[in-house]
Structures are given as structure tokens and as C-alpha cells.
Amino acid sequence: MAGMTEGLRERKKRETRQRISDVATGLFMARGFDNVTVAEVARAADVSVNTVFNYFGTKEDLFADRQDEVVGQPPKVLRERRPGESVVHAFRRDYLDAIETRHWRYGLNEGSDVFSKIVADSPALTARMREIAVAQEETLARALAEELDAHPDDLTPRLVAAHLLGTTRILTERAMAMMAAGEAWERIAPMLREQAERAFDLLESGLGALGREPGDGNG
């Protein structure tokens, strides 16, 4: 009975947190992040301001409610790669899957262009997204260092993390720009797949031959 009571309590907490998050997201999308107060979110969600802060430490956390999942996603891709699969190929496969499913983990979901505009219009959110990107890169670098048993002075894990996440970020930014311009996803998806394949080909093969004319003889 005690276990069941605890389960019900945890479920109620999850439902309350989700309701607050959903209400906040709706208000932010309708009016912009900087034009909505925490008190307004609390009233709309029918909770107290203290309750909001019990679940979300800052107003920015209300918007970035999936930040823990975002930061944890790249190490998850690393851990769950297939037997014999390279790190780069695992990220290629994961990104291409996100294109097909329009999954939010890379910001390819419907409405992500609106999300991006809200961020761009708010200096506080822009700063928070940078912090999340840095945390994501650092977390992946640590996971790679463990995977490779790298020496603390070895820059390889940090370089690999920066290249991988920089690639996916730039690809997603291109897709969101096209969405914001009114392009249909049916037109965006083939272009994004082609660009992603080229980008990950570069990561797989390296940049040594980039810009070199055939028969150049350099290197």
C-alpha cells in the first residue's frame, strides 16, 4: 500500500509539472518569453508562484523544460551505437532518423521555427540556449573520454564532440531557416538528408583533401 501511495504521489507531481510546462509554453508562444511573467503562468496553471518554482528553478527553465534530455541525448547515442559502428556513423544514423520522424531531439519537430524565433527575440533565452549547448558538448566530451580512455591532456574527445554537435546544429539551423521562410517539410527533408550525408561524409573521411585540386600532389 505504501508503494502504491508513493507511486500516486509521484504521478501527481509529474502531471502538475507537465501542466505548468504546457501552460507556460502556450503563453510564451502566444506572447513571447519576455512578455510573460511567472505569476501569469502560475495563475493560468491554477497553482501558486511558489509551486512553479518548486518544479522550475528559473523562468528560463519553464521554457527549456527538456534541457536535461537534450544534454543527455548525445552520450545516449554514443552508448547505444551498434556493434562495430563508428561514433560518426551512429550520429549520422541518429540524425537521419530524426529527419524521418521529425523528432524534437534535434529541433526538427513541427513548430521548431516558432521556438527558434522566441529564443532569438529574448536575450535571456539566447544565453540559456548557449549554456545548454556548452553543457551538451562538455557532457559528450566526457563520455567520449571515458569511451576512448583518453589522457586528461588529450583534446580528441573535445574536438570530436565539437565537430559532431556543430554539424548537427548547423544542419538544424538551415532547416529552421527554411521553415521560417514558409518552405514545406516535403521540400526541406530531401535537402536536409542530402546535406547531412555530405556533412557526415566529411566527418568520416576527414578534411585533409578539402580544397585540393585533383593531382595537386600536396601532402
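The model is predicted, so local features need pLDDT of at least 70 and side-chain atom pairs count only at pLDDT 80 or more, while totals for chains, interfaces and linings use all residues. Residues are numbered from 1 along each chain as its sequence is written, and side-chain values use heavy atoms, with hydrogens and water left out.

**View 1. Salt bridge between Glu15 and Arg11 in helix 1.** A salt bridge is a side-chain nitrogen of Lys or Arg within 4 Å of a carboxyl oxygen of Asp or Glu; the structure holds 16 of them. For Glu15 and Arg11 the N to O distance is 3.9 Å. The two residues are four apart in helix 1 (residues 2-31), and therefore separated by about one helical turn. Helices are DSSP runs (H or I, at least four residues), numbered from the N terminus. Glu15 is partly exposed at 46% relative accessibility, and Arg11 is partly exposed at 44%. Here buried means under 20% relative accessible area, exposed over 50%, and partly exposed in between (1.4 Å probe, protein chains only).

**View 2. Salt bridge between Arg193 and Glu100.** The closest N and O atoms are 2.8 Å apart. This pair links distant parts of the chain, with Arg193 in helix 10 (residues 185-205) and Glu100 in helix 6 (residues 87-101), 93 residues apart. Arg193 is partly exposed at 29% relative accessibility, whereas Glu100 is exposed at 51%.

**View 3. Aromatic pair of Phe63 and Phe115.** Rings of Phe, Tyr and Trp (its six-membered ring) pair if their centres lie within 6.5 Å; planes under 30 degrees apart count as stacked, over 60 as edge-to-face and the rest as tilted. Five aromatic pairs are found in the whole structure. The ring centres of Phe63 and Phe115 are 4.6 Å apart and their planes lie at 25°, so the pair is stacked. Phe63 lies in helix 4 (residues 59-63) and Phe115 in helix 7 (residues 112-120), so the pair ties together parts 52 residues apart in sequence. Phe63 is buried, at 6% relative accessible area, whereas Phe115 is partly exposed at 37%.

**View 4. Aromatic pair of Tyr95 and Tyr106.** This pair is edge-to-face, with 4.8 Å centre to centre and 65° between the planes. Tyr95 is buried, with a relative accessible area of 0%, and Tyr106 is buried at 11%.
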